[in-house]
Amino acid sequence: MLLIHCPWCGPRDEIEFKYGGEAHITRPTEPDALSDTEWADYLFMRTNAKGLHRERWVHSAGCRRWFNVARDTVTNEIFASYKMGEKPPVEGGS
Amino acid sequence: MSQIYRLAEGGRIDRSRTLTFSFNKRKYQGHPGDTLASALLANGVSVVGRSFKYHRPRGIVAAGVEEPNALVQLGTGARTQPNLPATMIELFDGLSAESVNCWPNVDYDVGSITQWFSPIMPAGFYYKTFMWPARYWMAYERVIRRAAGLGKAPTQPDPDIYDKMHTHCDVLVVGGGPAGLAAALAAGRAGARVILVDQQPELGGQLLAERAVVNDEPALDWTNSAARELAGMDDVRMLSRTTAFGYYEHNYVALLERRQTGPSNTANGSRERLWKVRAKQVVLATGAIERPLVFADNDRPGVMLAGAVRQYVNRYGVTPGPRIAVFTNNDDAYRTVLDLADSGVRIAAVVDVRTDPVGELPEKTIARGIEVIKGSAVVRAKGGWRLDTAEVMALDGSAETVTGSVRRIPCDVLAVSGGWNPAIHLFSQSGGKARFLDDTACFVPGASVQAERSAGACNGAFALADCLAEGLAAGASAASAAGFTRKSRRKKPAADTVGEAALRPFWVVPAVGGKRRGKHFLDPHNDVSVADVELAQREGYESSELTKRYTTLGMGTDQGKTGNIHGLAIMAGMRGVDIPTVGTTTFRPPYTPVTFGAFAGRDIGGLYDPVRVTPMHRWHVNAGAKFEDVGQWKRPWYFPQEGETMREAVDRECLATRNAIGILDASTLGKIDIQGPDASELLNRVYTNAWKQLAVGRCRYGLMCTEDGMLFDDGVTTRLGENHYMMSTTSGNAARVLAWIEEWLQTEWPELKVYANSVTESWATAAISGPLARTLLGELTDIDLANDAFPHMSFQEAHVAGFPARIFRVSFTGETSFEINVPASHGLALWTALMDAGEPYGITPFGTETMHVLRAEKGFIIAGQETDGTVTPIDLGMDWAVSKKKDFIGKRSLNRADCVRADRKQLVGLLTENPKDVLPEGAQIVSELKDRPPMEMIGHVTSSYHSANLGHSIALALIKGGRERTGETVHVPLVGGTLTATITDPVFFDPEGARLRG
Ligand SMILES: [Zn+2]
């Protein structure tokens, strides 16, 4: 049971949140201009990092806001939570 | 039988009171303070069960949670509990327990059963059996289940209640022994909010089993004063009979508190509490578990752990037998020898694998004239029902062989010690990696991963003085890390140091003459022997994780708390590496078993999941509706009249709706209110069709895809105003659609000025449908309902039966339909008004089943029934609702190579050869029929009904390249025969749509 820091509500149990996969994947502005391979890369391919991973969470049983979390996938240590659109405060990782 | 092995004095039992209990249907007596195990030993009960595979008689081995043999079924009826270790059951008057594993019975002849089972269950039995054809397993399973008899679950509902508690603390201390008490004192004195948990009924831990001294007084006096001091601190909570069984991420620790230990009753509130603790800092003071030495037939009743024997004598005033031999590789077992001797129990001999035990305790033992046989080992435990002789031989210098003649030592109990294993289970669960200590030959916690620290025996510090010192230090540092640094001037508890010599790492006694006779058990609970682990190694299962699964070593309810490390030692020996190279297996929660009741808590029955009902629900109940669950909603399924079958009721409802008027409670449809200048743009992006040209007051059907192009939801959305829409979703998907829109708005399109909000429960919806719907509505409202004034797919606000209403002219039945929405509080009144006014027209309430039939006649899909996340709008033949021009979520995916394959499954209709046959939904479809499987499956039935309006059955199906196959014959092989059908267009009724537009 992770302790996740919602940027709006503070630290809450993981059970209040839903996971949203890897963060900072921007939807292509012109999907039709992409090859099948390029589109599949956006659609299906994720980094599956061992170590630092920036990922999306939504406080679904709280304020319902989406935000990003920088977490170590090995130790589950959470380095930072930050709002959508903000620059990741933690450098490194994949 | 009287308590023949109860000592004349000693023990923490109340001899002034006598308790009567029954075990395997015989009556015995004990005292308050006893466990079931200590009381059984006091009564001379040596055989408490049968082993799992070989059905060998088994006796009590341990005194704590690690007990592998004495598992009992406690109580009867609804409150019976299986697989409890007798060592953990506090005795109460009237207790009744039975061995879980005594088929055919505890006293049955040993030999014949053993010989029968032994050859059929070697290592890898389960693995190999599961690889065989399933029918063999079924045959085995019957025998094994009866033979194994691993407890019986109660068959009646649990009459007790269980609670869940959520709490936070600065410092959680696990374990109430000397280290844990010292840690709790230090943290509490520093001002931290402390929770101290201990699995025993009273604090003290190992001190309860010892004749130890702290501050020159009996150690338990210090324990009592520590408990008093802690009880006086406002911010300290002590939980006894509470086990920390799981250590999860971010210092989230799960505890099980057993609140009722005697005969269960509901008077005291909950029977158990599941605590979920989020701790800033954790101190693990979980102690250590003694490990045995392994020799031939070491499972014979009477072979016990030395520390357990000491505990029975010191804590319970019971000797497990009158004449006790001791077999050890360390000094600690000599505490058992000395305590037994002090209590007047006869010591047969001490067998020590070390050639020259030089510690203080062996010296005292020798000085008292007790024989110590050095450099020797017990090679075999002999006896019938229970041990009567230990066979001892000398070890050679390297301890790789035994030599010389066999010396037979008569004894009733053999107290064995192979050293102690720190209880690192919680540390391991916290994510930490164990580290091997060569001098004590045990795993201890390595570097901390979470905010925790270990202290005392679980940290490899076995001496009492070290436990106290480490506990104080750990408590103070945990409090300090949590921000509490108040200094204490209290005197530190002190214990004498005993000069203990090193143990000699020793695991399995070498076989006599190199050939092993008898069974050498590592895991008596699962009957895993040395030979099994060796077999696994020979067959290539070198990894400790693989060996565990292949042999089931350590997979019983005791989770291998005693014998796991011997398995590792054997593997290390065979592979020629050291134990840390083999590595330990990962410990997973729970540390000890947890009841289902505790996990379920109060979330049972009506509290298991919320039930949602519409404002008209009471009317439906009174009308005798049968209900079906749609998500959390209770929706009327059909409304049977007196004596009607479901089929008759649905036929009647279908005919009434097509020929006169039907009424459906559509309140459960998801309703999302969308407002803002960018509302049209949002809809344009999430729906596959175009939305910018929709006029105010008009409705449009839309499809939503996920980004992979698969249909996700569908529904009608209405433009209520320039910047205001009402979106409808399927009943079960309403929350998902709102979450989906919010996700896109927050994460990808924050620039859009639009809000979406669920209003599903703000409105009640009655949908009237059929050729007389307009006539009825005309009687209740004064707006113009003529077709050109209020055409299909449009919306008007009006009063209906006096209630302010939103009327949507949309249709899911294919008939002229009006969905009348009123504020939820008016729902029942509106419904009643419609029923009253509709009576002359034969208004007929219908449920979801009729709705499904009517829409299937029209070939209308249901998202989630015709679709399963692998179906695109194109597969459904809904190209007309997919824009070629604008972008939308999922659009690009519709052009992926996989989405334009000609053999994708496409929506078609099916008509059975015999119009009376109704295909089962989900049935597989083949084009080429063969005698037996495998046959190529080209699709499956998604919806199938009898249609009273058409006079025959209809079905919708997804079939590979289906649209090209129209007119082809296909087969549906079923158990009991094959049905034949023809592929048709999916629209069976009124394909021009004249009725719904009329
Ligand atoms: Zn929040």
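Visitor: Which pattern does chain A follow when it is read along the sequence?

Guide: Helices (H or I, at least four residues) and strands (E, at least two) are DSSP runs, numbered from the N terminus. Read in that way, chain A follows the pattern β-β-β-α-β-β-β, with one helix and six strands. This is a predicted model, in which local features need pLDDT of at least 70 and side-chain atom pairs count only at pLDDT 80 or more, while totals for chains, interfaces and linings use all residues. Residues are numbered from 1 along each chain as its sequence is written, and chains are lettered from A and ligands numbered from 1 in the order in which they are written.

Visitor: How many helices and strands are there in chain B, and what does its C-alpha trace span along the principal axes?

Guide: Chain B has 24 helices and 49 strands, and its C-alpha trace spans about 115 × 75 × 55 Å along its principal axes. For chain A, the C-alpha atoms fill a box of roughly 40 × 25 × 20 Å, taken along the principal axes.

Visitor: What share of the residues of chain B counts as buried?

Guide: A residue is buried if 20 or more other C-beta atoms lie within 10 Å of its own, exposed if 12 or fewer, and partly exposed in between, with C-beta atoms placed from the backbone. By this rule 51% of the 998 residues of chain B count as buried, and buried residues make up 17% of the 94 residues in chain A. In helix α13 (residues 544-551) of chain B, the buried residues include Thr547(B) and Tyr550(B).

Visitor: Why does His24(A) count as exposed?

Guide: His24(A) counts as exposed because it has 10 C-beta neighbours inside 10 Å. His24(A) is found in the loop between β3 (18-22) and α1 (36-44) of chain A, and it has a positive phi of about 65° although it is not a glycine. In chain B, His250(B) has a positive phi near 55° and lies in the loop between β13 (242-248) and β14 (252-258); His250(B) is partly exposed, with 18 other C-beta atoms within 10 Å.

Visitor: How many residues does the contact take from chain B and from chain A?

Guide: Two residues are in contact if their C-beta atoms, placed from the backbone, lie within 7 Å. The contact takes 22 residues from chain B and 20 residues from chain A. On the side of chain B that touches chain A, the largest share, five residues, comes from helix α20 (residues 734-747) of chain B. As for classes, Ala, Val, Leu, Ile, Met, Phe, Trp, Tyr, Cys and Pro count as nonpolar, Asp, Glu, Lys and Arg as charged, and the others, Gly among them, as polar. That side of chain B divides into six nonpolar, five polar and eleven charged residues.

Visitor: At what angle do helix α18 and helix α23 of chain B pack?

Guide: Axes are lines fitted to C-alpha atoms, for helices over the stretch in contact, and angles run from 0 to 180 degrees between N-to-C directions. Helix α18 (residues 646-659) of chain B and helix α23 (residues 848-857) of chain B pack at an angle of about 55°, with their axes 9 Å apart. That makes α18(B) oblique to α23(B), since angles under 35 degrees count as roughly parallel, over 145 as roughly antiparallel, 65 to 115 as roughly perpendicular and the rest as oblique.

Visitor: Which peptide bonds are cis, such as the one at Pro590(B)?

Guide: A cis peptide bond joins Pro589(B) and Pro590(B), with omega about -5°, and the bond from Pro933(B) to Pro934(B) is cis, with omega near 0°.
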